[in-house]
Amino acid sequence: MENGNNGGGEIPEDANEHCPGPQSESAGKTDSCAGCPNQEACATGPKGPDPDLVAIAERMATVKHKILVLSGKGGVGKSTFSAQLAFALAGMDYEVGLLDIDICGPSIPKMFGLEGQSIHQSNFGWSPVSVEENLGVMSIGFMLPNPDEAVVWRGPRKTGLIKQFLKDVYWDELDYLVIDAPPGTSDEHISIVQSLEASGIDGAIIITTPQQVSLIDVRKEVSFCKKVGLKVLGVVENMSGLQQRLADLQILEVSESGVERDRTEWFMEILRQKAPEALNFFSRTEVFDSSMGGAAKMCMEMGIPFLGKVPMDPELCKAAEEGRSCFADNKCVASAPALKRIIEKLVPDRSALASPKSNGV
């Protein structure tokens, strides 16, 4: 797998975690530099602008909007939201790219049905893998010879690849670049914010689930955004209750000893005879504890936008597993309308929603 070659401002591959970079004024002087084999060279070496940042700014000049998708914890549906946001924007006739910087857990290729694809080189740079005519994807997942191979990299090497993605991928003209980041606040987050500082980021969408154990880390994510000057576009409460049609339920009779008996057909037949209209009703179960007010209350307390709730929908899970848009058909009846309302808040030109493409919102 190719790793970004060290340029004037590139972080050495053998550097310590949280390396400030050899061109930084604090190079070789911070606590994170202690014991690094490059400490003396960095402390005494000449300082200057990072040439990579100039190349990144030039490459990003053709990208109108850049949206970072974050989460405090893993497993809250961040990548699923990133993928469906990209599908929706492409369905509204925008030119869209999705950049996956989750180096150690790249799930984006799976969520677009692109497993087994590889990156191609052109005269202009690396070419994104095409999903549709107006939707392209770039991920480290396309660079792994074996999808089961673990990426065991220190921070500096991750930073090098992120910079390489930003300066070497040729997106052409884009309306939106959706950037799917790993969970937490780590080197990847610092790197993407610093690398795009010159060209600008519209802001970050933070994905969470309703319970406090997730919201605690979201508060840290909001704090990170404030420290680095990144605007919080809003918070999405994902998996906000399990919601599905009664007709899609499996009904079990469980004995005192725990033996299960499938009574689905018996139950559905009673509904068909006694209350056929109920088959179109939805059931809703709170999976996570939201008794403390969930993300909506947290946003009110922290003074940041709350974008809305997306229920846990088995059909949305299937869409992600199959690498397709949840807006392409009428299967995701619980989640697609909720996602649509959130996207309407994010996209300035809401009139575009009136005439979507076939896979659009």
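The expected span of a helix is 1.5 Å times one less than its number of residues. In this predicted model, helix 5 has 14 residues and should span 20 Å, and its end C-alpha atoms are 20 Å apart, which agrees.

**Helix 2 against helix 5**

- Two packed helices are described by the angle between their axes and the distance between the axes.
- For helix 2 (residues 51-60) and helix 5 (residues 155-168), the angle is about 45° and the axes are 7 Å apart.
- Helix 2 is therefore oblique to helix 5.
- On the helix 2 side, the contact is made by D52, A55, I56, R59 and M60.
- On the helix 5 side, K163, L166, K167 and D168 take part.
- Sorted by class, this contact has four nonpolar and five charged residues, and no polar ones.

**Aromatic pairs**

- The model has four aromatic pairs, among them F87 with F112.
- The ring centres of F87 and F112 are 4.8 Å apart and the planes are at 35°, so this pair is tilted; a stacked pair would need planes under 30 degrees apart, and an edge-to-face pair over 60.
- F87 lies in helix 3 (residues 78-91), while F112 lies in the loop between helix 4 (108-111) and strand 3 (120-122), so the pair ties together parts that are 25 residues apart in sequence.
- F87 has a relative accessible area of 3% and is buried; F112 is also buried, at 3%.
- Y94 and Y176 form an edge-to-face pair, with 5.1 Å from centre to centre and 80° between the planes.
- Y94 is in the loop between helix 3 and strand 2, and Y176 is in strand 7 (residues 174-180); the pair links distant parts of the chain, 82 residues apart.
- Buried means under 20% relative accessible area, so Y94 counts as buried at 13%.
- Y176 is buried too, with a relative accessible area of 6%.

Key: Residues numbered from 1 in each chain as written. Predicted model: local features only at pLDDT ≥ 70, side-chain atom pairs only at ≥ 80, totals over all residues. Heavy atoms only, no water. Axes fitted to C-alpha atoms, helices over the stretch in contact; angles between N-to-C directions. Helix = DSSP H or I, 4+ residues; strand = E, 2+ residues; numbered from the N terminus. Parallel < 35°, antiparallel > 145°, perpendicular 65-115°, else oblique. Contact = heavy atoms within 4.5 Å. Nonpolar A, V, L, I, M, F, W, Y, C, P; charged D, E, K, R; others polar. Phe/Tyr/Trp six-rings, centres within 6.5 Å; stacked < 30°, edge-to-face > 60°. Buried < 20%, exposed > 50% of the residue type's maximum accessible area, 1.4 Å probe, protein only.
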